[in-house]
Amino acid sequence: MGEKLSHFKKKCRSLMVRLPFTLVVSGFLIVIAIFPLICLRFRDRRIDSCTRLAEGITNLMVHRLDGRLMEEYLEDNYELEEYREIHQLFHDLKMNYPDLRRMSVYAMEEGGARVIFDLGENALEPGALRQLPEACKPYLEDLMAGRAVPAMMEKGLKIQDVISARPVQVSTKIGNCYAFAEFSMESAHLEDRQFLVSLLGFMLILVGCILLADIYLIRKKIAGPLRNMADCTKGFSYETESDRFQNVQNMEELNISTHDEIEDLYYEFMSVMKESLYYMTNLNRARNDIHEREEKLDQISETAFKDALTRVGNQAAYNKISDGLTLDLKAGKRNFAIVMVDLNNLKYVNDTFGHKYGDVYIKGCCDIICKVYKRSPVFRVGGDEFIVVLRNEDYMSRLLRMTQITEAFMAAHAKEDKEPWERFSASVGMAECMPEDESVDQVMKRADKAMYESKMKFKTKYGSYR
């Protein structure tokens with residue numbers, strides 16, 4: 001249930017739902033707002049039409065009546081031929097207008113109106129007294145005085161009747177007379193209602209068709225392309241250059257062509273994606289170039305500062321370290337020591353077994369040096385000479401390391417079951433940087449002197465083939 005509700009809320013937030021819904025609601029609100037105005041306009045036009053017609057009828061009646069004979073019409077009525085002719089004329093006129101409910105001529109009296117002519121529903125004989133309609137009561141004073149009055153509306157429960165009263169010039173004792181015409185608007189209302197219902201239906205159908213067309217265009221030209229772009233971007237991946245290239249291809253496949261701002265937005269977005277792809281491609285190429293150059297520089301650096309045989313530092317590398325130590329000396333930093341190592345019996349191995357075994361002997365001796373001084377840089381500065389620079393932890397344990405390397409070489413040399421090129425031996429000397437030292441060379445010379453003294457002891461004890 002929760003997933004369905006979440007899906008429904010997501011759909012409601014969708015432009016493809018909200019925009020058509022807004023159009024539909026707006027369209028029907030417009031119809032609802034306009035339709036009452038149309039109804040009012042129809043009612044006013046119908047009342048105006050009926051009013052004009054009623055006034056025209058009363059004009060005809062007054063034109064036909066002779067005000068000098070009104071008293072005779074009242075007394076003799078049907079006995080007079082002229083009365084009968086007028087009555088027939090009024091009858092024929094009424095028959096031509098189905099909505100003409102009553103045609104009458106009254107002589108105004110206190111308390112009512114005396115009938116002279118009366119044609120219509122519940123018609124009274126001449127001379128009878130009739131109560132005036134409710135619509136006439138506001139104008140009773142004017143009617144009694146024989147003054148002209150405007151058209152009057154007789155209001156019922158649902159419809160209105162239009163009453164027109166026009167005075168007849170009378171010079172007799174019966175008083176002021178009026179010609180009345182009452183038009184019923186019942187059929188007019190019915191016709192208007194039927195027409196307005198038809199009009200409303202037509203408007204709703206028309207608005208519905210227009211809205212359906214708008215919804216189709218919105219989905220095709222606005223919401224649809226935007227949804228396709230949004231769905232396409234959801235599948236984007238940016239892990240590799242190939243992924244970004246695929247993103248551009250997927251977006252191009254949409255091929256949005258709406259010939260409006262949506263199409264402009266699409267191509268602007270495509271342009272940004274392509275520029276981003278171009279930028280990232282060049283950036284990756286630049287990074288690759290830099291990486292390749294760094295690798296080449298590392299290889300060049302390794303070649304320039306590494307001994308080709310032992311892969312430890314060479315003379316150039318030591319010179320670089322020495323320059324750094326010189327700067328430390330000038331800054332007052334003297335916590336370092338130098339170890340000089342000179343291989344014993346290398347000339348004997350080379351001369352007796354060849355340089356191939358001599359190289360094996362050199363690498364074996366270098367391995368012992370590197371194992372003891374595994375935290376310090378080792379440099380091969382000559383065919384049989386190595387230098388180790390002690391700092392930090394190895395400097396703090398320099399005496400222990402000196403003992404370890406001396407014992408390691410003694411143990412290796414003592415293995416009489418090994419081949420001569422596997423009985424590794426070297427003379428080692430160490431010197432610490434002293435407060436009076438002004439250069440690295442002074443420390444190295446003392447280390448070299450100590451190494452030389454060790455070599456003399458080795459020669460005295462074992463002899464040496466030099």
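How many residues has helix 14, and how far does helix 14 reach from its first C-alpha to its last? I looked this up before anything else. Helix 14 (residues 440-462) has 23 residues and reaches 33 Å, close to the 33 Å expected at 1.5 Å a residue. The expected span here is 1.5 Å times one less than the number of residues.

**Ground rules**

I note that this is a predicted model, where local features need pLDDT of at least 70 and side-chain atom pairs count only at pLDDT 80 or more, while totals for chains, interfaces and linings use all residues. Residues are numbered from 1 along each chain as its sequence is written, and side-chain values use heavy atoms, with hydrogens and water left out.

**The whole chain**

I found 14 helices and 10 strands in the protein chain. These are DSSP runs numbered from the N terminus: helices are H or I with at least four residues, strands are E with at least two. Of the 466 residues, 36% count as buried. For burial I use relative accessible area: buried is under 20%, exposed is over 50%, and partly exposed is in between (1.4 Å probe, protein chains only). I also looked at contacts, meaning heavy atoms within 4.5 Å. Among contacts between residues at least 6 apart in sequence, 60% join residues at least 24 apart.

**Back to helix 14**

Which residues of helix 14 are buried? I get Val440, Val443, Ala447, Met451, Lys455 and Phe458. An α-helix has 3.6 residues a turn, so residues three or four places apart point the same way. The cover over the buried residues of helix 14 includes helix 9 (315-330), strand 7 (337-343), helix 13 and strand 10 (426-432). After helix 14 comes Gly463, with a positive phi near 80°.

**Helix 11 against helix 13**

Two packed helices are described by the angle between their axes and the distance between the axes. For helix 11 (residues 355-372) and helix 13 (residues 398-413), I read an angle of about 150° and axes 10 Å apart. The axes are lines fitted to C-alpha atoms, for helices over the stretch in contact, and angles run from 0 to 180 degrees between N-to-C directions. Helix 11 and helix 13 are therefore roughly antiparallel to each other. On that scale, angles under 35 degrees are roughly parallel, over 145 roughly antiparallel, 65 to 115 roughly perpendicular, and the rest oblique.

Which residues make the contact? Helix 11 brings Cys365, Ile368, Ile369 and Val372, and helix 13 brings Arg401, Gln404, Ile405, Ala408, Phe409 and Ala412. By class, I note 8 nonpolar, 1 polar and 1 charged residues in the contact of helix 11 with helix 13. Nonpolar covers Ala, Val, Leu, Ile, Met, Phe, Trp, Tyr, Cys and Pro; charged covers Asp, Glu, Lys and Arg; the others, Gly among them, are polar.

Most residues other than glycine have a negative phi, and most peptide bonds are trans. Asn122 sits in the loop between strand 2 (112-120) and strand 3 (129-130), and is exposed at 67% relative accessibility. Asn392 also has a positive phi, about 55°, and is not a glycine. Asn392 is in helix 12 (residues 392-396) and is exposed, with a relative accessible area of 65%.

Is Asp307 buried or exposed? Asp307 is in the loop between helix 8 (261-305) and helix 9, and counts as buried at 12% relative accessibility. Beyond neighbours within four places in sequence, Asp307 is in contact with Val312, Gly313, Asn314 and Arg380.

Arg380 turned up again with Gln315, which touches Arg380 and Val381, not counting residues up to four places away. Gln315 is in helix 9 and is partly exposed at 35%. Gln315 and Phe386 are 71 residues apart in sequence and 9.5 Å apart in space, C-alpha to C-alpha.

Arg391 lies in the loop between strand 9 (385-390) and helix 12, partly exposed at 32% relative accessibility. Leaving aside neighbours within four places, the contacts of Arg391 are Ile321, Leu325, Asp328, Asn335, Phe336 and Ser376. I also noted that the C-alpha atoms of Arg391 and Arg334, 57 residues apart along the chain, are separated by 9.6 Å.
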